[in-house]
Amino acid sequence: MTEPSCQVRIHWDHFRRNLDTLMQKGHTLMPVIKADAYGHGVREAAGVLEEAGTGWAAAGTMKEAATIRQCGFSGHIVALLSRIPTDEDVRLALALRLSPLIHNWEGLHAVKAAVQSLQGHLDIAVKVDTGMHRLGFPLSDMEKVAEFLAETPELTPLVQVSHFAVADDPVKSEYTKRQCDIFYSAAEIMHRRFPDMRCSL
């Protein structure tokens, strides 16, 4: 057997200090700890986030989100992998206070039907397409999305999300600015009906 030539170790004290530094600056954090915290241990990561008072975490699947909750994390947990929610997904979300990411009309109708069938109330994350053209509601749909949710009291948009495509490339800063403009235009529409909704870009 050939030993792996690359290893990554997390120094949890350093992780705690980094969290504390960012939180002292007033930032609200939503660390992504999917895939077993990228192989570093979701139990350890969730425990440190809970100790630090981080109010948010993100996972991949609903089952990963459930694992974070079962590891003792008490804050909001958003499941980022955006398949169409099944009744089982919604039942798990209701039981463990998890928020699925909804990115299209099929998902929105599916989660509404499941929540109404189960007679519950669910916080969801809403994804906006800001230019990557992979997942998310286009800006042109956001008035209708806000109206749909306002007429569905069983669902509350907890957070609106999107992803930068090239924010680490200064040459493409204009593209990043366009993404921000689209995102905050969508948020302005949503905030008219849901002023407490958070934003994560």
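How do the residues of the lining of the largest pocket divide into nonpolar, polar and charged? They come to 7 nonpolar, 2 polar and 4 charged (Ala, Val, Leu, Ile, Met, Phe, Trp, Tyr, Cys and Pro count as nonpolar, Asp, Glu, Lys and Arg as charged, and the others, Gly among them, as polar). Before you click further: this is a predicted model, where local features need pLDDT of at least 70 and side-chain atom pairs count only at pLDDT 80 or more, while totals for chains, interfaces and linings use all residues. Residues are numbered from 1 along each chain as its sequence is written, and side-chain values use heavy atoms, with hydrogens and water left out.

Select T61, M62, K63, R83 and D89, the closest to the centre of the largest pocket among its 13 lining residues. Its volume is about 220 Å³. Now colour helix 5 (87–96), one of the elements that supply at least two residues of this lining; helix 5 gives the most, with 3 residues. (Helices, H or I of at least four residues, and strands, E of at least two, are DSSP runs numbered from the N terminus.)

Next pick K34, L80, L81, K127 and H163, which lie nearest the centre of the second largest pocket. That one has a volume of about 180 Å³.

On a 1 Å grid over the protein atoms alone, a pocket is an open set of points with protein on both sides within 12 Å along at least five of seven lines; a cavity is a set where a 1.4 Å probe fits but cannot get out, and lining residues have an atom within 4 Å of a point. Points are joined across faces, edges and corners, and a volume is the space filled by probe spheres set on them.

**Stop two: the cavity.** The whole structure has 1 cavity of 30 Å³ or more. The largest cavity holds about 70 Å³ of space, and its lining includes K127, H133, H163 and Q179.

**Stop three: the rings.** There are 4 aromatic pairs (Phe, Tyr or six-membered Trp rings with centres within 6.5 Å; planes under 30 degrees apart are stacked, over 60 edge-to-face, the rest tilted). Show W105 and F137, an edge-to-face pair at 5.6 Å centre to centre and 80° between the planes. W105 sits in helix 6 and F137 in the loop between strand 4 and helix 7, 32 residues apart. F137 is buried at 2% relative accessibility, whereas W105 is partly exposed at 25% (buried is under 20%, exposed over 50%, partly exposed in between, with a 1.4 Å probe and protein chains only).
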